[in-house]
Amino acid sequence: MRDDLSVSSHSDGGETNSELECLPYSVQHEDEGVCLLVRMGPHRILLDCGLADISSLYGGITTSVHRGNLPPPVDLVLISHAHPDHARGLLSLNQAFPLLPIYASEVTSKLLPLNWLEQDPEDIPAFCHALPLRSPVEIQENLIVELFPAGHLPGAVAILLTYHTQNRDYKLLYTGDFFLSNSRLVEGLRLEELRGLNLNVLLIEGSYGTSRHPHRRNQENQLAERINRAITTGAPEMNADHCSVILPTPALGLGQELLMLLRSHHHFTGRDLDIWVDGAVATGCDAYLELLPHLPASVQNFARHQPLFWDERVRPRVRRLKAEDLATLGSTPCIVLTDSTPDLRKYCRPNTGPWLILLPEKIDIKVNQEYLAPTTVESYLLAQHSDGPGTTQLIHNLRPQHVVFVHGSPAYLADLTSLEELQNRYHIHSPAAGILVELPIGETFLQPSAPETNYEGELTELEKVITISLPDAITSDPRWQQFADTGLIEARWQGEELILRGLSQRELLNQNSVDLSRSRYPYTWSDLECCGTCRYQRGQRCWNPAAPLYNFKVTLEGYCPAYEKLSNQES
């Protein structure tokens, strides 16, 4: 069965064959993980196993008695990195097929047990074999594997597979999760290591779609500034002169990046401040300490002068949170890093002062604010994957014949597959789970005609007022609710194209970075009766006890009968 979601934009000349195929068991459209079966000639390779339920790998047979009579569904397994959405099914897979070889980088092999913290470490066998970096290994006859550091997480790799035949070599690269930029604890993927591979197939993640992100250092500075403002000036909307900050985060990767940011950013170095680390995030920190020789040279140099994480001598103090510390938590401004749990009652107890809860964008962490101390919930961007320009940059550097997108929401992946710059050059695929993708390799390449351009919407100009009407296909997309959250947009020219970008509430409320009435945005709200100009709106919430929206999150264009205009002195 061919991939019915593929976009084939050019034709091959000469002979083709189907030595290469990809059957995705799961492509991480939501949170189901990534698990891809690749066939190269006679070899069956499983790339990652992020499935919580692996029964689909062996036809739904659930009993170990019957599974024991089955041959393994694949010849070998290669793991890109240790995050749960790529690795959580490995223990079950090993238990079902103990002789099935599983390979990863050395660092990943050491981090994998963090996926099963609920189990006794003695019950987790050392089933993962470590492969060297940047060194080709003939893992089966005529099948060569080579691992390249991919950024994103210590030990994360892009996996190059080469299948050798008498007539030619077939090459496939799987990126796993990759990041071109350097972060605090991981160096980014190096494009120069991958150029000139003569690649046939690229399996690539599209987590962020075509989104464009600020430079990584700018993201870090914005987050540090927001945290600094909270612990320094408190929460005026709650009439509080101090505010503690809590950051729920995945246990591995982002949590440690945040901790290093807080330790080394100029806003916090030398400050009399406690940073508390709890739960699996603390366990992840311990695992990183065991991997110090594998971390970047700058991190190793930092560790020569002071402890990498746990330190009660150098300010800010970094401490593991213990049960006896909870009684005083929040009595003075502090920062807490903990698991991505919706229940924060353990920390944000009544009478502990106000809390700012900061949630990472693009990671689905739900927080229940019921029964908590006064809290404000905001989001921040600290990207762990490459954005749209980074994704297309990698593709154009590798110049494969086929590009297969996985790992991302269907809408984001659709944005990537519809890019004209990709459609004109490559066979583009975005398969759903269970859809076989045949990957015929041609000897020649024929440039296709340009794809048909479809113009949608309507523009009406009346004197100085311009109205843009958008089609239902745009406004019915779930992303429209976020794009149109404030009702304001930023418009700029990019060559001959006009680029529209929605302005978020966070941008509008960040008074330290922009003055809406006098600066970069030519809008004035002074004459509008809405939540954005109401004296009781603070931190995206209504603080008027007489209002029906009291203590609820509001949008700036919202309105209620209890509206009172913000005075000039207050503005």
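Q: With which residue does R319 form a salt bridge, and how far apart are the closest N and O atoms?
A: Side chains of opposite charge can pair when their charged atoms come close. A salt bridge here is a side-chain nitrogen of Lys or Arg within 4 Å of a carboxyl oxygen of Asp or Glu. R319 forms one with D274, the closest N and O atoms being 3.7 Å apart. This pair links distant parts of the chain, with R319 in strand β16 and D274 in strand β15, 45 residues apart. The model is predicted: local features need pLDDT of at least 70, side-chain atom pairs count only at pLDDT 80 or more, and totals for chains, interfaces and linings use all residues. Residues are numbered from 1 along each chain as its sequence is written, and side-chain values use heavy atoms, with hydrogens and water left out.

Q: Which residue forms a salt bridge with D272?
A: That residue is R317, and the closest N and O atoms are 2.7 Å apart. D272 lies in the loop between α6 and β15 (274-277), and R317 in strand β16 (residues 317-320), 45 residues apart. D272 is exposed, with a relative accessible area of 51%, while R317 is buried at 14%.

Q: Where do E106 and K110 lie?
A: Helices (H or I, at least four residues) and strands (E, at least two) are DSSP runs, numbered from the N terminus. E106 and K110 are both in helix α4 (residues 106-111), four residues apart, about one turn of the helix. They form a salt bridge with closest N and O atoms 3.4 Å apart. E106 is partly exposed at 37% relative accessibility, and K110 is partly exposed at 43%.

Q: How many salt bridges are there by this rule, and which residues are linked in a network?
A: The count comes to 22 salt bridges. R184, R216, R217, E220 and E257 are linked in a network of them. E257 is also one of the buried residues of α6. Helix α6 (residues 254-264) is mostly covered, with ten of its eleven residues buried.

Q: How many disulfides are there?
A: A disulfide is a pair of cysteine sulfur atoms within 2.5 Å. By this rule there are zero. The sulfur of C334 is 9.3 Å from the closest cysteine sulfur, in C348, which is too far for a bond. C334 is buried at 2% relative accessible area, and C348 is buried at 0%.

Q: Which way do the residues of strand β20 point?
A: In a regular strand the side chains alternate between the two faces of the sheet. H402, V404 and V406 point one way from β20, and V403 and F405 point the other way. Five of the five residues of β20 (residues 402-406) are buried, so the strand is largely enclosed by the rest of the structure.

Q: Which strands pair with β20?
A: Strands of a sheet pair through backbone hydrogen bonds, either parallel or antiparallel. Two strands count as paired if DSSP finds at least two bridges between them. Strand β13 (residues 201-205) runs parallel to β20 and is joined to it by five bridges; V201 stands opposite H402. Strand β21 (residues 427-429) pairs with β20 in the parallel sense over three bridges, and there the bridge partner of V403 is I428.

Q: What is the strand order in the open sheet of seven strands?
A: The order is β8-β7-β6-β5-β4-β3-β22, with mixed pairing. β8 (128-131) and β22 (437-438) stand at the edges with a single partner strand each, so one side of each is left without a neighbour in the sheet.

Q: Where does S80 lie?
A: S80 is in the loop between β6 (76-78) and α2 (84-87), and it is buried at 0% relative accessibility. With contact meaning heavy atoms within 4.5 Å, the residues that S80 touches include D48, H86, T108 and Y174, not counting residues up to four places away in sequence.

Conventions:
Buried means under 20% relative accessible area, exposed over 50%, partly exposed in between (1.4 Å probe, protein chains only).
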